[in-house]
Amino acid sequence: MKIWERYGIFFLFLVILGAFALMIPRIVSPNNLLNILVQSSIVSIAAAGMTLAITSGGFDLSVGAIYALVSCVLGKVIPVVGLTLGVFTALMVSMICGVFNGLIITKLRVQTFVATLATMIIFRGVAFIYTGGRDVELYGLPAIKVFTTGRFLGLPVPLLMTLIVFALVYFLYHHTPLGLHIRAIGSNEPAAVTSGIRVDRIKIAVFVFTAITACFSGLIGTAQLLTGNGRLGTDLALQAIAAVILGGTSLAGGRGRLLGTLVASILLATIGNGLNLLGVSAAYQDLSTGIILIVALAVEGLRQILGRRESFSAKAVAGIKSQEASDAQ
Amino acid sequence: MRSNESGRVRIDLRDRGILIALVLLAVVLALINHDFRKPVNMLNILREASFEGTAAVGMTLCIISGAFDLSIGSLLALLGMVTIGEMHALGLAPTILAILVLGFAAGSLNGILVSYLRIPAFITTLGMMYVYKALAQIYHGGVPQVATNAIFTKIGSGLFLGVPIPFIVFATCAVIGTVILRRTPLGRYIQAIGNSEKASLVAGVKLNRTRIITFGLVGLATAIAAILISSRMWSANSTMKSGNGGYEFNVIAAVVLGGTSLAGGKGSIFKTVVAAVFIAVLKNGMNLLRIEPYWQYVVTGIILLIAFSMNGLRAMLGRILPFRDTQRVI
Amino acid sequence: MSYAIEIKGVYKSFPGVQALTDISLNVAKGEIHAVVGENGAGKSTLMKILGGLYPADAGTILLEGREIAFHSVREAIAAGVSVIYQEFNLMPDLSVAENILVSQPPVYRRGILSKRALVERTRSLLDQLGIALDPGILIEELSVSERQVVEIAKALSFESGIIIMDEPTAALSSKEVERLYAIIAALKAKGKTILYITHRLKEIFDLSDRVTVLRDGKLVATLTTAETDEDTIVRHMVGRDKASFYHYEPAPQREVLLELKGLTKDGYFEDVSFTVRSGEILGLAGLIGCGRDELAKAVYGLLAPDRGEILISGHRVRIRRPQDALRHGIAFLAEDRKEFGIFAEMNVKENLTLTIINRLKHLFGFIQTRAEHETFRRYVDLMQIRCAGAAQRVMDLSGGNQQKVMLGRALATDCRVLLLLEPTRGVDVGAKSEIYTLLHQLAKKGIAILLASSDLPEILSVCDRTVVLWQGRITGRLSKAGMDENAVMRCATGIHVEAAS
């Protein structure tokens, strides 16, 4: 049954792609496939950062707001200092947001859910104030389109960015002590603390990562729309979380499936693309996202129930003696 | 409120925190802005508070039981559209009844998925959020529904004995919710599950049934809110109330602001009501003071942040200043 | 001569309980020192102080002549002390190698994790222990015994000079115990000092150089293992002044209310059969891990037995969840009230009435305030619960009173069979005797009581009969006359095993 956990999302992807291919053969044309990959890049990149966050036992609801803030910063700063410095500024701003998130959660001990909820509101508010509530236009700055229609080494830039981000996160996750510690914290935080891991610092780093990925998503999205305003990206956080969960990462933490996240994100984009080609309303895309999310986890849940004879609670109740039991109390 | 242990005093202050904040805010605003003081304005505030407050009553019960529901925003939109959409054919009363039943059923579905399929509430309600969102766009092609029933539209905007009808509904829901929480076995079970699922199991509480009903009540409260809001707006569409972070987040924020912890186990509907009114007063005040809408956004966020970090702030202060701390839990 | 550990005059108390009184003890370097005592004797507390979990109230502790006062587990580890608890401090989603080296991950330059070094170092550590374990396996796939090996390897990786093990064999099979012996021998060969908490006398004589016996928080004796024997140790463990404040009086015993036939749950208990009559208090004795608690939980529906039958008043019943048990008139008191008993934030009245709240309703479903309050009053009086009123939060009560609330909740169900697990754990002396008197009154009323406890005096003074378990099997059935500490201990430690009936 662990097969589902490891490979389930791949099977699902192939099945769905296959189903669409039967109905519209041109969906598997190289051109269209490339299209799908590019379309999925915004959510994919944000989902990469979110995978780290969920692996560490938390999550970040404010990525959509950071995305919007980035679009505003780009729109206002690039005309003044040019593309490179503009992108750099946006990156700095997003990192500040990440540090802010991290500090609130680690130093003020606010729960992640309400903390990132509040910062979501604050960041968006800042974006609104910064632009005076108006849209900022980037039509006059064709340079930014490199992030959407540009090509580098024959590949579309968004796709390249996705691959680079995932490669970097993968490297971080599997080949650095930081990645090890992130997984440790997500797996058993009290044990991580006892082991001397600097939990607070790492959590802040994780939020900086989610902010940076939100920034990259924002680069692509802003280039596509050529507009920046505070209303963008309202769906981003939940879509990213959905992709991460579908990809097999557990909400409980400790176990991240980066490849799964990527595939899940592409899967969701495929569904959108397919439904589009079929001429079906976008609403069904949401419907399928929701149903897939629930069904995928229902299978996981059923697996847990059937796999054990006792009820979930009995296992917890009857297990090896807890610390308190051996206390001299 | 003094008692034996000195720690008690601080706890009570914290318990009344949101009420004090509300009173302070209202008094300050009343003093500096004469429009605020007008009775019409006060009634407006109460009316506005009701739209999120009603759903917050249900959400409070859910959060006390240790879960939360992210799907209510989309459910709201869907139910709002169906209400108006079907009213032509079915008439006012049957439609309203049907919507209430539908809301309860939708909520119960969440409960069933969480209880029997063991899917965490976060993901179940996230998934259902997408489903309802889709259904709202599919229903009549996602076209905004416009209300034509004269009586219906009075509900949201009308007064009854001088009090805005939505607020009467809100207050009634709050009272019923409190009665359920404090005076029925179901309410006890909800608190018990939030306190300790394991202890509840041992004590013989019917976990699944309680959870399903709790989620059902959330759906019911959302349905009521949907009726109120679509009546007030004379219309309903698939993205109503999705601004400012989303309806579900605003509702959850109101509950947490009122002091109910996301960890579950304790909470008070009264305090949720106070928090909902507080948020409405804040918005109203900022409007009257001609604070720009976008600054309002930031101010709201910062105030929420401060409120949520009360525990943490107090802990930080506690380390700097020597308070006698009677709350040592081993 | 410089000792590895010197403990002088250590005291430690918790609210309501004096856990350690004037403990003084020396452990030489390279020694394997066993620490024995009944539950509640203070062994775990002492180890936790050494391990940095909490500080002593008074006294000095010296490690290799240096005085120490740990404020955190990290400090203890840095000073060379590792404790291996019964509940491991491991990360289930990480591999063996990752768990062992998580705080000191080997890196190439520029911060890249060296997986090869990770595996190599892990292998070398495991080799030193003489164990072959795949460094890449995830912890969650390991058995308890294998996880224990990982914890020990961790201690080794810290180069801890002092390794403390808390009841390490509680959950191990005999083969695994053998393996642990080999590991300990390897550790000793490396000059490590080992403190070994156990109940199992056999292990004391197999492993230790010296043994310290604790009783009621005091140090009773430190003996050289080679110069003593089992009976002496048992005597030190249990001998106490017979200040029994409870006067035993058997209640008239009537029909059999509860009967177990061949109840088995693989891995926990096997072929357990006994009866409990109305008016009888049956003791269920044994050491940690003997299957006693799991057995009671199976009767209450928290655990599903693999084979066997449960009969209530002669009728076979199927109990799959607590609700079924309650319906058949069985009530239950969990051994860990913090986790499975109290609703901390709710008040006394609510805690008392929760299980039966459904019976206290009006027609329309509302709770009858008066009936509820009467229930509250009745049980507060009956159990003599000391609280500041119905509205006081249960978490503010003392341990003894909390336990009484739990008991009250169980009794409020008008049960016919009462299952109690460690009913007086963490309860002060006065409340204990009140609870015993109460149990006796209940027995007189005709309730059948099963009392599972590791508190020997409790079993001996309160129970009419005792069934003793060891490693999941019944090793002794003792009548009142035959019940004395030595007899129970001998059955509980597996020295004496009754002939199969």
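These are my notebook entries on selected contacts in a predicted model.

**Conventions.** I number residues from 1 along each chain as its sequence is written, and I letter chains from A and number ligands from 1 in the order in which they are written. Because the model is predicted, local features need pLDDT of at least 70 and side-chain atom pairs count only at pLDDT 80 or more, while totals for chains, interfaces and linings use all residues.

**Chains A and B.** I looked up the contact (C-beta atoms, placed from the backbone, within 7 Å) and found 44 residues from chain A and 42 residues from chain B. On the side of chain A, the elements giving two or more residues are α4 (112-131), α9 (236-246), α11 (283-307) and α12 (312-318); helices here are DSSP runs of H or I, at least four residues, numbered from the N terminus. α11(A) gives the most, with 15 residues. I then noted the classes on this side: 32 nonpolar, nine polar and three charged residues. Ala, Val, Leu, Ile, Met, Phe, Trp, Tyr, Cys and Pro count as nonpolar, Asp, Glu, Lys and Arg as charged, and the others, Gly among them, as polar.

**Chain C.** I recorded domain 1 (5-238), domain 2 (243-329 + 416-501) and domain 3 (342-414), with bounds from an automatic or database domain assignment. The centres of domain 2 and domain 3 of chain C, taken over C-alpha atoms, are 26 Å apart. In their contact, 11 residues of domain 2 of chain C meet 10 residues of domain 3 of chain C. Helix α15 (residues 429-444) of chain C supplies the largest share of the domain 2 side, four residues. That side divides into seven nonpolar, two polar and two charged residues.

Notes. Contact = placed C-beta atoms within 7 Å.
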